[in-house]
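Subject: Structure for your review

Dear colleague,

Please find below the structure I am handing over to you. My findings follow it.

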Amino acid sequence: MAYVQPWQVRYYEADQQGVVFNAWYLAWFDEAFTNYLRYKGLSISELVNHGIDFQLVHSEIDWISGVRLGDDVSIAVEPGRIGTTSFDVHYTVLRDDVATCTAKIVYVSISSDGAGKQPVPALLRKVLTQAHADGSP
């Protein structure tokens, strides 16, 4: 089972048709991943204090149905592949437990001082591979 972040669509996220504008999904995923890390006991500031950061280098989003203003949704977060310097995170936006979109984002581990990419550090790798209390990743 994935980490799940509840989300309520906000007024400014919807376009004139009352549908969530596509760019907001990336912001939702960013917030959900930050909260996933916090849930696992790791804050972004702690990563930066260790000289670690990461940046999005590739995203894929497949929409199934639109999310509308007033919808309560949830965002499921599941770590995927972990390579030498990059890692994948999979997201699913759910409304009433039905997927409205799925996404995969590839992040690259970088040095927080701007020195460039670096191997995914053990601190982050541990959190990405650590099982939930129910035994799931």
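A salt bridge is counted here where a side-chain nitrogen of Lys or Arg lies within 4 Å of a carboxyl oxygen of Asp or Glu. The model is a predicted one, and a search of the whole structure returns three such salt bridges.

In one of them, R95 pairs with D71, with 3.0 Å between the closest N and O atoms. D71 is buried, at a relative accessible area of 17%, while R95 is partly exposed, at 23%.

A further salt bridge joins the side chains of D88 and R81, at 3.0 Å from N to O. D88 has a relative accessibility of 7% and counts as buried; R81, at 38%, counts as partly exposed.

The salt bridge between E13 and R10 has its closest N and O atoms 2.4 Å apart. E13 is buried, with a relative accessible area of 0%, whereas R10 is partly exposed, with a value of 31%.

I turn next to the aromatic residues. The whole structure contains 14 aromatic pairs. One of them is formed by F54 and F87, edge-to-face, with the centres 5.8 Å apart and 70 degrees between the planes. This pair links distant parts of the chain, since F54 is in strand β2 and F87 in strand β4, 33 residues apart. Both F54 and F87 are buried.

F54 also forms an edge-to-face pair with Y107, at 5.4 Å centre to centre and with 85 degrees between the planes. Because F54 lies in strand β2 and Y107 in strand β5 (residues 98-111), the pair ties together parts that are 53 residues apart in sequence. Y107 is buried, as is F54. F54, F87 and Y107 are among the members of a cluster linked by ring pairs, which also includes Y3, F33, Y36 and Y39.

Finally, helix α3 (residues 122-129) has L124, V127 and L128 as its buried residues. They span an arc of only 100 degrees around the axis, which places them on the same side of α3. The exposed residues A122, K126 and T129 are on the other side of α3. Among the elements that cover the buried residues of α3 are α1 (24-39), α2 (44-49), β2 (52-63), β3 (72-82) and β4 (86-95).

With kind regards

Note on methods:
Residues numbered from 1 in each chain as written. Predicted model: local features only at pLDDT ≥ 70, side-chain atom pairs only at ≥ 80, totals over all residues. Heavy atoms only, no water. Buried < 20%, exposed > 50% of the residue type's maximum accessible area, 1.4 Å probe, protein only. Helix = DSSP H or I, 4+ residues; strand = E, 2+ residues; numbered from the N terminus. Arc of directions from axis to C-beta. Contact = heavy atoms within 4.5 Å. Phe/Tyr/Trp six-rings, centres within 6.5 Å; stacked < 30°, edge-to-face > 60°.
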